[in-house]
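Biologist: I'm new to this one. Can you put it on screen and take me through it?

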Amino acid sequence: MRIWNKEMECMPREEMEKLQLKRLKETLHRVYEKSSVYRRKFDEIGFKPEDFESLDDLKKLPFTVKDDFRDNYPFGMFTVPVKDVVRIHASSGTTGKLTVVGFTRNDLEIWSELVARMATMAGVTDEDVTQIAFGYGLFTGAHGLHYGLEKIGATVIPISGGNSEKQIMIMKDFGTTVLVSTPTYALHLSEVAMKMGIDPKNDLNVRLGLFGGEAFSEEYRREIEARWGMLATDNYGLSEVGGPGFSGECELICGQHVAEDYFIVEIVDPVTLEPLPPGEKGEVVITTLGREALPVIRYRTKDISSITYEPCACGRTTARLSKITGRTDDMLIIRGVNVFPSQIESVLVNIEGLEPHYQIVVYKKGFLDEIEIKVEISEDIFSDKYADLERIEENLRQQLYKTLSINPKIKLVEPHSIERSAGKAKRVIDLRNS
Ligand code: DLL
């Protein structure tokens, strides 16, 4: 198994922590001197960077949140003049202004290095032909993967998102071996291929997926793998800390390796905000190390995961995050039961006769939140007039109740009636305020 940067990815823990402490101290000085946002935050608690002694002191520092980016829109979080920023990306989010992020030339070099590590650990080499079906634009996904994959020496096809039939044609004609996209789009592309009379598993060469940008369940992963005959890896990151390259899975698929020489990751209780021990699930909090244009201290991601520091059988010693199961703000409370969309997905992907295309509509009934799950039935069930739709629905109902203790409204809908996305899927339609 190849490792892109053995020195950093296999560094003994003690040495890694020393490096982190050194870089963190530099970062704290940088933000205190160059960012009015952090100076204010630190002054409020009477903290001076020179007081910082050990990594343990990090938990005393204030958090950074998305609103800090919004309040300082567009460039107020930068710690360099815009003249030194050579690239800007942004994420739109569901409400309000863009979250704007900037990169200096040096930041871009580090970013490519991190994505090169991430792709190498998933098994990409310079022999691969990679098709980037993330949307090119302000989204960090496409450009991040693009330069990281070029750094490895892989062949990059920057096709961008959408134009699905052309994607399949190119895959076939150019011999694509690696697909880079959201998991939702990968599943959609497999449907498009089938419609074109091309079986992705037997008629295409795609052996690996570098997926990311949204949460997907293990069941969804297996569905993609079965349709494509590929290894589907999960890679996580967010614009605020520089996009993809933060963490990714190695070929052994046992959690996502975090690039710890450039990030410190904490897991905190989302309510008390106290740090949680390894193995416990909570909110992921990220501090960047060594970033010039936009360092962030203790960024609250709202994403839920747990961490382990056990070395991996692949040889890497870096901390590993468990699969992100959802976001704290995605959690639905249905008659007192907490459920994440990904849990609902895990159940319905396993029901015979249903397709993994679904939407969860949340609405109010009196004072209570209710949900309706719309899910597509499969083509063969649809065309079989004797198919027992009631039995399929009942099966789903029972499984939802058995595994999640919820009893939502269910609506089976025709194949292909739920809108497909070339990027991140919109799973939850929230009608509570409309
Ligand atoms: O989605 C960065 C990215 C691009 C990562 C491509 C990996 C591959 P944003 O658009 O800022 O950045 O969205 C970040 O998306 O806070 C998570 O809620 C979600 N997310 C991203 N990757 C994953 C993943 C990019 N692998 C937000 N699993 C994050 C679960 C993910 N959620």
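Modeller: One definition before the sheet: two strands pair if DSSP finds at least two bridges between them. Keep in mind that this is a predicted model.

Biologist: Fine. What is the strand order in the open sheet of nine strands?

Modeller: The order is 4-3-5-6-7-8-9-14-13, and the pairing is mixed.

Biologist: Which strands stand at the edges?

Modeller: Strand 4 (155-157) and strand 13 (307-308) do. Each has a single partner strand, so one side of each is left without a neighbour in the sheet.

Biologist: In what sense do strand 8 and strand 9 pair, and over how many bridges?

Modeller: They pair in the antiparallel sense, over three bridges. In that region E249 stands opposite Q256 of strand 9.

Biologist: And what does helix 7 touch on the sheet?

Modeller: Helix 7 (residues 164-174) packs against strand 3 (129-132), strand 4 and strand 5 (178-181). The direction of helix 7 makes about 170 degrees with that of strand 3.

Biologist: Switching to holes. How many cavities of 30 Å³ or more are there?

Modeller: The count is two. The largest cavity holds about 110 Å³ of space. It has 15 lining residues, and I110, L114, V241, F263 and R291 are the closest to its centre.

Biologist: Which elements give two or more residues to that lining?

Modeller: Helix 5 (105-122) and strand 8 (243-249). By class, the lining of the largest cavity has 10 nonpolar, three polar and two charged residues.

Biologist: What about the second largest cavity, what's its volume?

Modeller: About 90 Å³. Its lining has 16 residues, with R117, M121, H257, V258 and A259 nearest the centre. At least two lining residues each come from helix 1 (6-9), helix 5, strand 8 and strand 9 (256-258).

Biologist: How does that lining divide by class?

Modeller: The second largest cavity is lined by seven nonpolar, five polar and four charged residues.

Biologist: Last topic, helix packing. At what angle do helix 2 and helix 3 cross?

Modeller: The axes of helix 2 (residues 13-34) and helix 3 (residues 36-44) cross at roughly 105 degrees and come within 6 Å. Therefore helix 2 is roughly perpendicular to helix 3.

Biologist: Which residues make the contact?

Modeller: Helix 2 contributes L28, V31, Y32, E33 and K34, while helix 3 contributes S36, Y38, R39, F42 and D43. By class, that contact has five nonpolar, one polar and four charged residues.

Conventions: Residues numbered from 1 in each chain as written. Predicted model: local features only at pLDDT ≥ 70, side-chain atom pairs only at ≥ 80, totals over all residues. Heavy atoms only, no water. 1 Å grid on protein atoms, 1.4 Å probe; cavity = no way out; pocket = protein on both sides within 12 Å on 5 of 7 lines; lining within 4 Å. Points joined across faces, edges and corners; volume = space filled by probe spheres on them. Helix = DSSP H or I, 4+ residues; strand = E, 2+ residues; numbered from the N terminus. Nonpolar A, V, L, I, M, F, W, Y, C, P; charged D, E, K, R; others polar. Axes fitted to C-alpha atoms, helices over the stretch in contact; angles between N-to-C directions. Parallel < 35°, antiparallel > 145°, perpendicular 65-115°, else oblique. Contact = heavy atoms within 4.5 Å.
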